[in-house]
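Dear colleague,

Please keep it open while you read.

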Amino acid sequence: MENFDAEQPMEDLQEQTPKKEPKNPLYDCYSLLHDLVYILAAITIVFVFFVRLVGVDGPSMMPTLQDGDYVALLSNLFMGDLEQGDVIVARKESFENGEPIVKRVIATEGQTVDILYDGNGYGTVYVDGEPLDEPYILEPMVLPYYDRTSFPVTVDEGCLVVMGDNRNRSADSRYASIGQIEESQVIGKVLCILFPGCGESSSRDFGRIGAVDNG
């Protein structure tokens, strides 16, 4: 059996300890770039298949969304079943050459929508005979002057009735040229505001960043 000499000088022990080779700076750069590539690839996959970044154009969803807002949109592949009150982005060829529109879901398939106007010309939306509680709208809805959809209407299978929160400045399912939106035409569901637009003011309200009220 080999005995260890407790009196062995420290210099000899240090000589027996293997020295670490200095790291190559190029290797560190390579490792950093390698990690960045994977991170960017993951972000790309998320924003292509799961979440999209969409800009809001126009005042039709005020006060919920302003002109110039950038919102995160959950892809239609993962958004699940849409419900009354959801804010969605859809594309329909009969509206401005298929430009996307952002609106709120008022009714889903099988539900009956009606709009009744009082003596002052202000309208109330009814769904299945019940007045819709809509704290999100900008102002009372007045009788539109455009080519209107005839109400009441029962929503077709696989379709939606949508309206803007700024009813008096919104082209939506009340327009005969738009009418009901097919669920297959929905691009995604709005999750949150990522960057606020100025809207009709001269400044941005960064306090608006966050989740969107989906009714």
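A salt bridge is taken here as a side-chain nitrogen of Lys or Arg within 4 Å of a carboxyl oxygen of Asp or Glu. Please bear in mind that this is a predicted model, in which the count comes to six salt bridges by that rule.

One of them joins D69 and R208, whose closest N and O atoms are 2.5 Å apart. This pair links distant parts of the chain, with D69 in the loop between β1 and β2 and R208 in the loop between β12 and β13, 139 residues apart. D69 counts as buried, at 0% relative accessibility, and R208 counts as buried at 17%.

Another salt bridge is formed by E134 with R167, again with the closest N and O atoms 2.5 Å apart, and it links the loop between β7 and β8 to the loop between β10 and β11. Both E134 and R167 are buried.

In the salt bridge of R169 and E200 the N to O distance is 2.7 Å; here R169 is partly exposed at 46% relative accessibility, whereas E200 is exposed at 53%.

Turning to the aromatic side chains, the structure holds one aromatic pair. The ring centres of F195 and F206 are 5.8 Å apart and their planes stand at 75°, so the pair is edge-to-face. F195 lies in strand β12 and F206 in the loop between β12 and β13, eleven residues apart.

Finally, D81, E83, E109, D156, E157 and E183 form a negative surface patch, and E183, in the loop between β11 and β12, is partly exposed with a relative accessible area of 35%.

Definitions and conventions:
Residues numbered from 1 in each chain as written. Predicted model: local features only at pLDDT ≥ 70, side-chain atom pairs only at ≥ 80, totals over all residues. Heavy atoms only, no water. Patch = residues over 30% accessible without salt bridge, like charges linked within 9 Å, V, L, I, M, F, W, Y side chains within 5 Å. Areas by Shrake-Rupley, 256 points an atom, 1.4 Å probe, with all protein chains shown as cover. Lys, Arg positive; Asp, Glu negative; His and termini not counted. Charge placed at Lys NZ, Arg CZ, Asp CG, Glu CD. Helix = DSSP H or I, 4+ residues; strand = E, 2+ residues; numbered from the N terminus. Buried < 20%, exposed > 50% of the residue type's maximum accessible area, 1.4 Å probe, protein only. Phe/Tyr/Trp six-rings, centres within 6.5 Å; stacked < 30°, edge-to-face > 60°.
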